[in-house]
Amino acid sequence: MSQASAKAILLENYAPTAFVIKETFLDFDLQSEYTLVHSRLSIVRNEKSTTDSNLLSLDGSELELVSIAIDGVVLSPADYQLTSNSLSISVDKDAFVLECTTRIYPDKNTALEGLYISGGMYCTQCEAEGFRRITYFQDRPDVLSVFTTRISADADSYPTALSNGNLVNRTVKDGRIIAEWHDPFPKPSYLFALVAGDLVCEEDRFVTQSGREIALKMYVEQENQHKCEHALVSLKKSMAWDEEVYGREYDLDLFMIVAVDHFNMGAMENKGLNIFNSSCVLATPETATDESFARIEGIVGHEYFHNWSGNRVTCRDWFQLSLKEGFTVFRDAEFSADMGSRAVKRLEDVRFLRQHQFPEDAGPMAHAVRPSSYMEISNFYTVTIYEKGCEVVRMLRTILGAELFRKGSDLYFDTFDGQAATTDDFVWAMEQASGRDLTQFKRWHSQAGTPRLDVTRTFDSAAGVLTLTAKQNTPETADGSAKESFLIPIELGLLDSDGKELALSTSDDSFTQSNQVWLVSNDEQSIEFNGLSEMPAISLLRDFSAPVLLTDDLTDEERVLLIGADTNGYNRWEQCQIIYKKLILQKVEGSFDATLLSSLMKSLDQLISDPSVENAVKAELLSLPAEVELLQVSPKVDILAVAESRNALKLLISESLCCAITKVYQSLSATDVYRFDSQSVGQRKLRNELLEYLMLVDMKPATELASAQFANANNMTDQLSALRLLVKYADEGVYQPALNQFLAQWKSDTQVLEQWFRVQIARSDSKTLNRVKALLDHRLFEYQNPNKVRAVIGAFAMGNIEGFHAKDGSGYEFLAEQVATLDSLNPQIAARLVGPLIKWQSYDDRRGLQMKGALEQLSEKDLSKDLYEVVSKSLV
């Protein structure tokens, strides 16, 4: 793609359409070689339009136009203008009906956008701009239409035919099934869905608080019917939680879920018909890990919560994407925290944000939560939009408090129900509910970058006054957005030298006593706390109250004190992470503070043996920071030296805590019956974490333990964890038979097979890249299946540090070659997989040049718009 043909779309150019489609009727004739789509659109002038134009502009891509008519009058080619991506007609009417027939080829659609075939099943993915691959339409989120859909298909091959809303009629005639669906709620085209296949249905029901009975139906292929229970249980929990916490009741009579193997995303919230990637919805204890169970619970919740935060109230344009996604991620995070361990959920979310979103903020694709421009919207389904967007909503709740935040969300839903809204509308609702001016807060939406926050202390012992001074600055980002001071909520606490929590006394109006939050709004700002007898240790940014990079003046001794005594679980873990990072970087530089390590080990020894500390929290405390997090502390450091030092520190920890680790491991016996609850999950998580430490300190007996666990496990969590440890640490004569046994056991299960591919990427040795290439040639690997691509290519590039960052640059060349191959099949997946290369400026000069060279080779090819945007921005 040439630079000239890649045109940026700007937020400042947003304008309402001249016409809007009020009602949409779609008739799908699914034939073996193609599909005919007949649309009947009731169109009127848009009251919100700022122009008197008579031009009706419809989006369309890769369509064959068969016929088109307005109010029954067939149009000739001279009556309209047709391009490769649009259909334009001049219409001098205030209201009219446009009928159009298009021919499409779902079996040739490898991009998995619009209508395509997955394993013999028709399904759709229309967000963000997939609907234009089905028929000509105003394919944008601010055009809301009432949809009626008719599906005609071969009754033997496709006995299940589904679409949005409620089923109006279903008949079988002349070997064809005809199903008609109607959704009474206006929605944008990206929420349209269609599924047709030979599927079985698992059914349940949910009774709302108002007494309405909702039918719940989950459609899967027959071999997966036994994997539906957890998703349906999660759905009912989500529905009850949303009623209790947000007062939001489901509105249709039917809620459907469909599992699809070939899917670019995790799931899609289509109104009344949620389509899920199979890996994100199917589970049994034997086939899915605890992590998968938790992920499914969260994603089912996320898609259901979209019914209000995304469907009933949608986004005006794609620049407002975080309005629905950030808010809904916050809602699903709170839901997951309430269903499991709140402390562990928060640690997992912070770790993910630091490993993925912080680097994005520092990289060439940096953008604000509400971007100002894009070339391809698919590239902006990012951790900034989702996870940082979630943190922005969380800060609002922290600043306002739970009661006023709920009042604001009620006002937002009630005011904008059935409309397309903006992030400013959301903040407006919070301002109205709370009476606060949140103008400065809105910079979190408009400014890219991760703020740096430095907090220092001074103590006047004679007056008993502690002064905290906070300085904030945000480095320049690739999007060029201006940087002004953010409104940063800092939740904090003070501890004396014995680890006792101190009462906070201040007259500063920037401090809220009820939740102990200090609002920092200036580049430099101070606050005084009175009535103190000694310089306290300060527990800053509790529960990670703002997405910032924090530095402070705490001593190592104070950090160790906080690890043992802080009442805030996040900050206890955070001090551990800070010390880990310091020790790893010391080893890289050839020095090492043995005294600090010893002090840390004493605290950890006590914590992992303390029955009052959650087992899952113990596992998190023992988890070292990822290599990419060290690049944030020490840019340009040799990534392989970091990996080597990280491994060395892990060995030292295993040696120092060997007795405690062994004792605790032996006390955590495997359970006979699998349960998915926080206590059971925590026990398995800690047990497997400890087993890895034992593999480091005493290989032979630990290998025997892992082999026994693999052979005797009654759940996938323990079986896969043991297999991963064998592959990572044991000799080939041990791990290869285990891999063969796992494949023989699970080769017919697509979801488990993805784990078999992924687990082999964990091993780092001289054969790593050859092993990856061999997996791509395996008879069960499919380039057309995004899950398998992610399991092999994605896992290698993002999870195998030693292999991907090999000194000869072969890992970079390999990824570039694979991305080029995938770009012709599935541009969305290609653009996401290239991510590890675009951060080349974060690495040492030699590796940076190698990565840049791989990108330059890519840039010389004829790239899709998706991939071109990412590659071109990374080379600026």
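Predicted model: local features only at pLDDT ≥ 70, side-chain atom pairs only at ≥ 80, totals over all residues.

Residues are numbered from 1 along each chain as its sequence is written, and side-chain values use heavy atoms, with hydrogens and water left out.

Cavities. A cavity here is a set of points, on a 1 Å grid over the protein atoms alone, where a 1.4 Å probe fits but cannot get out; its volume is the space filled by probe spheres set on the points, which are joined across faces, edges and corners. Which residues line the largest cavity? They are Ser322, Leu323, Phe327, Val369, Gly389, Val392, Val393, Thr423, Phe426 and His445, where lining means having an atom within 4 Å of a point. At least two lining residues come from each of α3 (321-339), α5 (383-400) and α7 (423-434). Helices are DSSP runs of H or I, at least four residues, and strands are runs of E, at least two, numbered from the N terminus.

Aromatic rings. Rings of Phe, Tyr and Trp (its six-membered ring) pair if their centres lie within 6.5 Å; planes under 30 degrees apart are stacked, over 60 edge-to-face, the rest tilted. The whole structure has 44 such pairs. Phenylalanine 131 and phenylalanine 137 have ring centres 4.9 Å apart and planes at 70°, so that pair is edge-to-face. Tyrosine 381 and tyrosine 386, with centres 6.4 Å apart and planes at 50°, are therefore tilted. Both tyrosine 381 and tyrosine 386 are buried, meaning under 20% relative accessible area, with exposed over 50% and partly exposed in between (1.4 Å probe, protein chains only).

Strands. β26 (residues 465-473) and β32 pair in the antiparallel sense over 6 bridges; pairing takes at least two DSSP bridges. Leucine 466 stands opposite phenylalanine 529 in β32. On β32 (residues 524-529), Gln525, Ile527 and Phe529 form the covered face, and Glu524, Ser526 and Glu528 the uncovered one.

Last, leucine 739. This residue lies in helix α19 (residues 732-746). Leucine 739 has a relative accessible area of 2%, so it is buried. Leaving aside neighbours within four places in sequence, leucine 739 is in contact (heavy atoms within 4.5 Å) with Leu723, Val727, Trp756, Val759 and Gln760.

Terms used:
1 Å grid on protein atoms, 1.4 Å probe; cavity = no way out; pocket = protein on both sides within 12 Å on 5 of 7 lines; lining within 4 Å.
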